[in-house]
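Subject: A structure for you to look at

Hello,

Here is the structure I promised to hand over. Please open it first, then read my notes beside it.

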Number of protein chains: 2
Amino acid sequence: ADINAGKAKAAVCASCHGADGHASIPTYPNLAGQNAGYIEAALLAYKAGQRTSPQAAIMKSMAMPLNEQDIKNLAAYYSSLK
Amino acid sequence: ADINAGKAKAAVCASCHGADGHASIPTYPNLAGQNAGYIEAALLAYKAGQRTSPQAAIMKSMAMPLNEQDIKNLAAYYSSLK
């Protein structure tokens, strides 16, 4: 996975999850230091429509355009943050 | 919310999410320091059947017996960890 490519893709994530992966909104998760494998699983679940709460609709729309490599890169980037 | 009550309830969570909220299995999320509001939302979503990936089935069965106060206590406990 390419952490720098993940960082570039993450620009759109920052408004909710924070520029440093610490969410500015307490009902949203911090991503900094999260396990990459879990971030990948979560993004794939959103993309596959396997998370269906009202809040999940936002993340589904974010995950839809991501391909498998994007997801691996984003996961590696957030996992690398402290 | 009662952090000590949350800690007591969390005994069953530790085998996957770690005794200190750092998951021993990389496809599972760390919970230490996660936003309490997000942990609550996630547990409620599991309980409501709004997360339906194969992996989510485990968490649905864990969340089902929790009441609203249990969920607030667990969220406060994990959020308090570093």
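A residue is called buried when its relative accessible area is under 20%, exposed when it is over 50%, and partly exposed in between. Tyr77(A) has a relative accessibility of 8%, so it counts as buried. One caution before we go on: this is a predicted model.

**Tyr77(A) and its surroundings**

Start with Tyr77(A), which is found in helix 5 of chain A. What does Tyr77(A) touch, leaving aside its neighbours within four places in sequence? The contacts are Ile3(A), Gly6(A), Lys7(A), Ala10(A) and Ala19(A). Look at Ala10(A) in particular. Along the chain, Ala10(A) and Tyr77(A) are 67 residues apart.

**Aromatic rings**

A pair of aromatic rings is described by the distance of the centres and the angle of the planes. How many aromatic pairs are there over all chains? The count comes to two. In one of them, the rings of Tyr77(A) and Tyr78(A) have centres 5.0 Å apart and planes at 55°, so this pair is tilted. Tyr78(A) is buried, because its relative accessibility is 2%. Now go to chain B. The rings of Tyr77(B) and Tyr78(B) also have their centres 5.0 Å apart, with planes at 55°, so they are tilted as well. Both Tyr77(B) and Tyr78(B) are buried.

Rings also turn up beside charges here. Where is the charged end of Arg51(A)? It sits over the ring of Tyr46(A), 4.8 Å from the ring centre. In chain B, Arg51(B) lies over the face of Tyr46(B), with 4.8 Å to the ring centre.

**Salt bridges**

Over all chains, the structure holds four salt bridges.

Begin with Lys9(A) and Asp70(A). Their side chains meet in a salt bridge, at 4.0 Å from N to O. Lys9(A) is in helix 1 (residues 3–9) of chain A, and Asp70(A) is in helix 5 (residues 68–80) of chain A, so the bridge ties together parts that are 61 residues apart in sequence. Are the two partners buried or partly exposed? Lys9(A) is partly exposed, because its relative accessibility is 39%. Asp70(A) is buried, because its relative accessible area is 12%.

Next, take Glu40(A) and Lys72(A). They form a salt bridge, and the closest N and O atoms are 3.8 Å apart. Glu40(A) lies in helix 3 (residues 36–47) of chain A and Lys72(A) in helix 5 of chain A, so the pair ties together parts 32 residues apart in sequence. Glu40(A) has a relative accessible area of 22%, so it is partly exposed. Lys72(A) is partly exposed too, with a value of 32%.

Then turn to chain B. The side chains of Lys72(B) and Glu40(B) meet in a salt bridge, 3.8 Å from N to O. This pair links distant parts of the chain: Lys72(B) is in helix 5 (residues 68–80) of chain B, Glu40(B) is in helix 3 of chain B, and they are 32 residues apart. Lys72(B) counts as partly exposed at 32% relative accessibility. Glu40(B) is partly exposed, with a relative accessible area of 22%.

**Contacts between the chains**

Two loop residues are worth a look. Ser53(A) lies in the loop between helix 3 and helix 4 of chain A. Its relative accessible area is 15%, so Ser53(A) is buried. Which residues does Ser53(A) touch, not counting those up to four places away in sequence? They are Ala45(B) and Gln50(B).

Asn35(B) is in the loop between helix 2 (14–17) and helix 3 (36–47) of chain B. Asn35(B) counts as buried, because its relative accessibility is 15%. Beyond its neighbours within four places in sequence, Asn35(B) is in contact with several residues of chain A, among them Ala23(A), Tyr28(A) and Asn30(A). Ser79(B) is another contact of Asn35(B). Ala76(B) is 41 residues from Asn35(B) in sequence, and the two C-alpha atoms are 8.5 Å apart.

**A surface patch**

Val12(A), Ile58(A) and Met62(A) make a nonpolar patch of about 240 Å². Ile58(A) lies in helix 4 (residues 56–63) of chain A. Ile58(A) is partly exposed, because its relative accessible area is 41%.

Best wishes

Note on methods: Residues numbered from 1 in each chain as written. Chains lettered and ligands numbered in written order. Predicted model: local features only at pLDDT ≥ 70, side-chain atom pairs only at ≥ 80, totals over all residues. Heavy atoms only, no water. Helix = DSSP H or I, 4+ residues; strand = E, 2+ residues; numbered from the N terminus. Buried < 20%, exposed > 50% of the residue type's maximum accessible area, 1.4 Å probe, protein only. Contact = heavy atoms within 4.5 Å. Patch = residues over 30% accessible without salt bridge, like charges linked within 9 Å, V, L, I, M, F, W, Y side chains within 5 Å. Areas by Shrake-Rupley, 256 points an atom, 1.4 Å probe, with all protein chains shown as cover. Phe/Tyr/Trp six-rings, centres within 6.5 Å; stacked < 30°, edge-to-face > 60°. Lys NZ or Arg CZ within 6 Å of the ring centre and 35° of its normal.
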